[in-house]
Amino acid sequence: MFEEKIDKRKLNLDAVQNFEIDSCYYQNIKNGKDIVLDDGRFIENCQLTFDPIPPKSYAFCSDTAYNESILPLINEVDVLYHESTFLQSEENLARKTLHSTAKEAANIALKANVKQLILGHYSTRYENIKLFKEEARTIFSEVLLADDGKSFDF
């Protein structure tokens, strides 16, 4: 699991200039401090700043059999990469080789309330990896397919 750190608040330059706040206070404002003006007026930080971009999170589950014990660790991540070596029709092979099916990966994504699922680590027995997406989407709608050289922006 990878999680970005929460960024500082963003300074609303129009607001600080409107209140005629000296630039020496800008860092404190970005750090979340409220301001008391020389005339005694109290200005809440939320009037002087914008919320930072929410931090993103990413979890990576590969070479693993279906295992719900990971759910608390990946709960509500933005992006989950989960292996889907087999389709559900070869569930017996998934059990035997300690891998997951596309349907199982989708179940994990659904139960962990993730925003986006990326499937990968497919068995070479399949000529059409789009079948993995089709199978997973019967359980979880936001599914992408990993492939050699492919990158994603979130």
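**View 1. Strand β6 and its alternating side chains.** In this predicted model, β6 covers residues 57-61, where strands (E, at least two residues) and helices (H or I, at least four) are DSSP runs numbered from the N terminus.

**View 2. The partners of β6.** Strands pair if DSSP finds at least two bridges between them. Strand β1 (residues 2-3) runs antiparallel to β6 and is joined to β6 by two bridges; look for E3 opposite S57. With strand β7 (residues 79-83), β6 pairs in the parallel sense over four bridges, and F60 stands opposite Y81.

**View 3. The largest nonpolar core.** A nonpolar core is a set of buried Ala, Val, Leu, Ile, Met, Phe, Trp, Tyr and Cys residues joined through side-chain atoms within 4.5 Å. The largest one has 30 residues, and I74, L80, V114, L117, L119, F132 and F140 touch the most other members. Helix α5 (102-111) is among the elements that each supply at least two residues, and its five residues are the largest share.

**View 4. Around L117.** Leaving aside neighbours within four places in sequence, the contacts of L117 (heavy atoms within 4.5 Å) include L80, H82, A105, F140 and V143.

**View 5. The aromatic pair Y122 and F132.** Rings of Phe, Tyr and Trp (its six-membered ring) pair if their centres lie within 6.5 Å; planes under 30 degrees apart count as stacked, over 60 as edge-to-face and the rest as tilted. By this rule there are five aromatic pairs. The Y122 and F132 ring centres are 4.8 Å apart with planes at 50°, so this pair is tilted. Y122 sits in the loop between β8 (116-120) and α6 (130-136), whereas F132 lies in helix α6, ten residues apart. Both residues are buried. Ring pairs also link Y122, Y126 and F132 into a cluster.

**View 6. The stacked pair F152 and F154.** Their centres are 6.0 Å apart, with 25° between the planes. F152 is partly exposed at 26% relative accessibility, and F154 is partly exposed at 43%.

**Notes for all views.** Residues are numbered from 1 along each chain as its sequence is written, and side-chain values use heavy atoms, leaving out hydrogens and water. Because the model is predicted, local features need pLDDT of at least 70 and side-chain atom pairs count only at pLDDT 80 or more, while totals for chains, interfaces and linings use all residues.

Terms used: Buried means under 20% relative accessible area, exposed over 50%, partly exposed in between (1.4 Å probe, protein chains only).
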